[in-house]
Amino acid sequence: MSAPLWTPSEERVANANLTRFIAEVNRRHGLALAGYGDLWTWSVEHMEDFWIDFWEFADIKAETRGERVLVDADKMPGAQFFPDARLNYAENLLRRRDDADAIVFRAEDKVERRMSWRALYDLVSRLAGALKAAGVEPGDRVAGYIPNMPEATAAMLAASAIGAVWTSCSPDFGQRGVLDRFGQSTPKVLFSADGYFYNGKTHSSLAKLPEILAELPSVERVVILPLTEDAPDVSAVPRAKTLADFVADHPAGEIAFEQLPFNHPLFIMYSSGTTGAPKCITHGAGGTLLNQVKEHLLQCDEKPGDRVFYFTTCGWMMWNWLQTALAAEAAIMLYDGSPFYPDGNVLFDFAAEEKWTLFGTSAKYLDALAKGGYRPKDAHDLSSLRTICSTGSPLAPEGFDYVYDAIKQDVQLASIAGGTDIIACFMAGDPTGPVYRGEIQRRCLAMAVDVFDDEGKPVRGEQGELVCTKPFPSMPIGFWGDETGERYKAAYFEDFPGVWTHGDFVELTEHDGIVVYGRSDATLNPGGVRIGTAEIYRQVESFEEILESIVIGQQWDNDVRVVLFVRMQEGYELTDALRDRIKKHVRSMCTPRHVPAKIVAVSDIPRTRSGKITELAVRDVVHGRKVKNKEALANPEALKLYEAIPELQE
């Protein structure tokens, strides 16, 4: 067995929330669970006991929990957690009303602000009153076309406090992208900032709003939040008021949190939409709260007063996840803009100055730092930092090396994976256990995660489908507008009936960790052998000449051949000699089947707005198929680079 890259100190293990929770479970049930592995096994075998114990451990606030914990446990979909409970998500996040920081915000180098717990509560109370006065009732939708700023948090909490359903996307979405989403969820109120900053430039949102609103007749009120200007002119925006005007008649006071069923809709999230109109994935308040608080307290070991950051926009589920850190009484650190403006030190400057305890980001960001030669630990005091999280795509083993070499040696590197579909994680960190190179530490507590082969049999030490064989609280309550539930069932339960199939190609390791090889639908299949794309990326992107890459399977000669597209570092070009070196390296480090049949240089790689490369869209273009929803891409113009490439016709 390989040696771990990091092992927590005895003191850290002793002080972990997880250790305290295990002791409480042992006391309640007369058990002798001796660590994460024991707790995980018990949690999936005694799920009702786990969730009752965790509810009390986390001090979940509710009008009632009810007697029943899980009904129809043998039905997926169909199982229901806490069917008699009544609670409010926002009430569980607004636990404090003191003058300590609840939010610290930066928008590149243009704006710096902080908001106390008291100020956040007061703003939420005013917004809740204003939303009620605007006719918003439980179940109505409130939308944000909005940067990652404190008022976005407050608007979401106000909507939740009165039982409305929050939905959001980032302001870099074009008109069609917004309408593809909000046109389905039909919000009654729309929050928007006046604009946003990116890469040192100011971008207006006000100019786009009239065209968007012309096709969103459901919107009765628009609320404009000031960010790029102190007093924006909203006269050209139909039905618009500034934030100050919207709350003017509603003084701060006590919030009457609506007590609602466990499965009352809280968030409408959207799939990436690269293969058609985005799916409107609807998540319930209780399941979202319970599963995310579990991750914050037990998987991330967050404590009151911690300072938690995730680099995200309001269009990615990690924004929703970050908000729930407030339920751990941690302050959330918000950043909006480019993480490389003016250079790659900007987030580490923020981390050092504000003493972050958790730094969440993406594997692509860490790779970009490494390729840019950044060594944050040499110029930043990161002594407060206990945990680094990475998600969005698999973190290659070399990414693990980079973190421990260039960022911090004594830090828990928690590669995590789950998704918008579950608004939570299937695999995440264990603050009491070791970190092994290239592996996600553990399957999440009370998540019956397994790996199936094509016949639906569990496998160990080999690649297969990521599945979950038992229900969990944050399963979607459905897709918005999917009255029969057929689209929801087809999305996750067709491959193995009664089992959630997530669409990731993974392996369970000897440490009971997980290696993710990529998305199943992007898996390559040359000669009928399944290959995860992450295996190829890891090898190819180790070349200093290559900035990034994307790989697809091309139908060719009654088989599938591997085609690799590479984006070169500045000053390098793709030569035949480099092609040969890449092929030899992939062959020696993987297998002959991994070796690309074709290697093509491109100037850009298409990606979603949350930064994920889009193998399926590239595959469609190469095969001459129409890409159904280019609005889901941050750079749809890049797709043209993959049309009718001569090298792929031979």
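This briefing describes selected features of the structure shown above. The model is predicted. It holds two cavities of 30 Å³ or more and 37 aromatic pairs.

**A sheet of three strands**

- Three strands form an open sheet in the order E22-E23-E24, and their pairing is antiparallel.
- Strand E22 (417–419) and strand E24 (442–443) each have a single partner strand and stand at the edges, so one side of each has no neighbour in the sheet.
- Strand E22 and strand E23 (residues 424–428) run antiparallel and are joined by three bridges.
- Ala-417 has Met-427 as its bridge partner in E23.

**Cavities**

- The largest cavity contains about 50 Å³ of space.
- The lining of the largest cavity consists of Leu-87, Asn-88, Tyr-89, Ser-160, Gly-163, Ala-164, Leu-260, His-264, Pro-265, Leu-266 and Ala-285.
- Seven nonpolar and four polar residues make up the lining of the largest cavity, with no charged residues.
- The second largest cavity has a volume of about 30 Å³, and its lining residues are Ala-522, Thr-523, Leu-524, Val-551, Ile-552, Gly-553, Glu-615, Leu-616 and Arg-619.
- At least two residues of the lining of the second largest cavity come from each of strand E30 (546–556) and helix H19 (615–622).
- In the lining of the second largest cavity, five residues are nonpolar, two are polar and two are charged.

**The second largest pocket**

- The volume of the second largest pocket is about 240 Å³.
- Of the 16 residues that line the second largest pocket, Ala-79, Asn-263, Pro-476, Ile-477 and Tyr-488 lie nearest its centre.
- Strand E3 (80–81) and strand E27 (478–479) each contribute at least two residues to the lining of the second largest pocket.
- The lining of the second largest pocket comprises ten nonpolar, five polar and one charged residues.

**Aromatic pairs and a cluster**

- The count of aromatic pairs comes to 37.
- In one of these, the ring centres of Phe-21 and Phe-50 are 5.6 Å apart and the planes stand at 80°, so the pair is edge-to-face.
- Phe-21 belongs to helix H2 (residues 17–29) and Phe-50 to helix H4 (residues 47–57), so the pair ties together parts that are 29 residues apart in sequence.
- Phe-21 is buried, its relative accessible area being 0%, and Phe-50 is buried with a relative accessible area of 0%.
- One aromatic cluster is formed by Phe-309, Phe-340, Phe-348, Phe-350, Trp-356, Phe-359, Tyr-365 and Tyr-374.

**Charges over rings**

- Arg-561 is placed over the face of Trp-556, at 3.9 Å from the ring centre.
- Arg-609 is placed over the face of Phe-173, at 4.5 Å from the ring centre.

**Backbone geometry**

- Most peptide bonds are trans, and most residues other than glycine have a negative phi.
- The peptide bond from Met-76 to Pro-77 is cis, with omega near -5°, and Pro-77 is located in the loop between strand E2 (70–71) and E3.
- A cis peptide bond also leads from Tyr-341 to Pro-342, with omega near 0°; Pro-342 lies in the loop between strand E18 (331–336) and helix H13 (346–354).
- Lys-355 is not a glycine, yet its phi is positive, at about 55°; Lys-355 is in the loop between H13 and strand E19 (358–362).
- Ala-644 has a positive phi of about 45°, although it is not a glycine.
- Ala-644 lies in the segment after H19 and counts as exposed, with 66% relative accessibility.

Definitions and conventions:
Residues numbered from 1 in each chain as written. Predicted model: local features only at pLDDT ≥ 70, side-chain atom pairs only at ≥ 80, totals over all residues. Heavy atoms only, no water. Pairing = 2+ DSSP bridges. Helix = DSSP H or I, 4+ residues; strand = E, 2+ residues; numbered from the N terminus. 1 Å grid on protein atoms, 1.4 Å probe; cavity = no way out; pocket = protein on both sides within 12 Å on 5 of 7 lines; lining within 4 Å. Points joined across faces, edges and corners; volume = space filled by probe spheres on them. Nonpolar A, V, L, I, M, F, W, Y, C, P; charged D, E, K, R; others polar. Phe/Tyr/Trp six-rings, centres within 6.5 Å; stacked < 30°, edge-to-face > 60°. Buried < 20%, exposed > 50% of the residue type's maximum accessible area, 1.4 Å probe, protein only. Lys NZ or Arg CZ within 6 Å of the ring centre and 35° of its normal.
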